[in-house]
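Please look at the sequence and the structure first.

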Amino acid sequence: MIKKSSFIAIIPARAGSKGIKKKNLIRINGHPLVSYSIVAAKKSKFIREVFVTTDGKDIAKISKEYGAKVILRPKHLSSDTARIEPTILHAIKYIEKGSKKNVENIVLLQPTSVLRKIDDLDNSIKKFIKD
């Protein structure tokens, strides 16, 4: 049985964007791009902790201001060719080592998905729990 409190959010936000420089810090409607995912996760009925994995000091600072915990990611996981899976595994190991608890369920939130509604997030988690 899946516990409703067993979910954490992981938000990958690299500093080195190729297409749009510093895209995760660009302000949209007065707030940095990365903040929308943090706020959505914090408002979820199911997510107990929010982590941003990043290689950028500015992203780390803003993430903390919006209430996320920050995982500083190594350079080899922050390149243009780095895949998301090793980044998430690094985050899980970091979280488990720090909390001495196993990570049970992850909600991966891309910072570029700003149109995501909190209801969409919670309904997705409900469906996951049910099915």
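## Helix H1

Buried residues of helix H1 (residues 33–43) are Leu33, Val34, Ser35, Ser37, Ile38, Ala40 and Ala41; buried means under 20% relative accessible area with a 1.4 Å probe, protein chains only. Helices (H or I, at least four residues) and strands (E, at least two) are DSSP runs, numbered from the N terminus. These buried residues pack against several elements, including strand S1 (7–12), strand S4 (47–54), helix H2 (57–65) and helix H4 (118–130).

This is a predicted model, in which local features need pLDDT of at least 70 and side-chain atom pairs count only at pLDDT 80 or more, while totals for chains, interfaces and linings use all residues. Residues are numbered from 1 along each chain as its sequence is written, and side-chain values use heavy atoms, with hydrogens and water left out.

## Nonpolar cores

A nonpolar core is a set of buried Ala, Val, Leu, Ile, Met, Phe, Trp, Tyr and Cys residues joined through side-chain atoms within 4.5 Å. The largest has 20 residues, and Ile47 and Val50 have the most contacts inside it. S1, H1, S4, H2 and H4 each supply at least two residues of this core, and H1 gives the most, with four residues.

Leaving aside residues up to four places away in sequence, Val50 touches Ala9, Ile11, Ile38, Ala41, Lys42, Ala68 and Lys69; contact means heavy atoms within 4.5 Å. A second, separate core of nine residues includes Phe51, Ile71, Ala91 and Val103.

Note on methods: Buried < 20%, exposed > 50% of the residue type's maximum accessible area, 1.4 Å probe, protein only.
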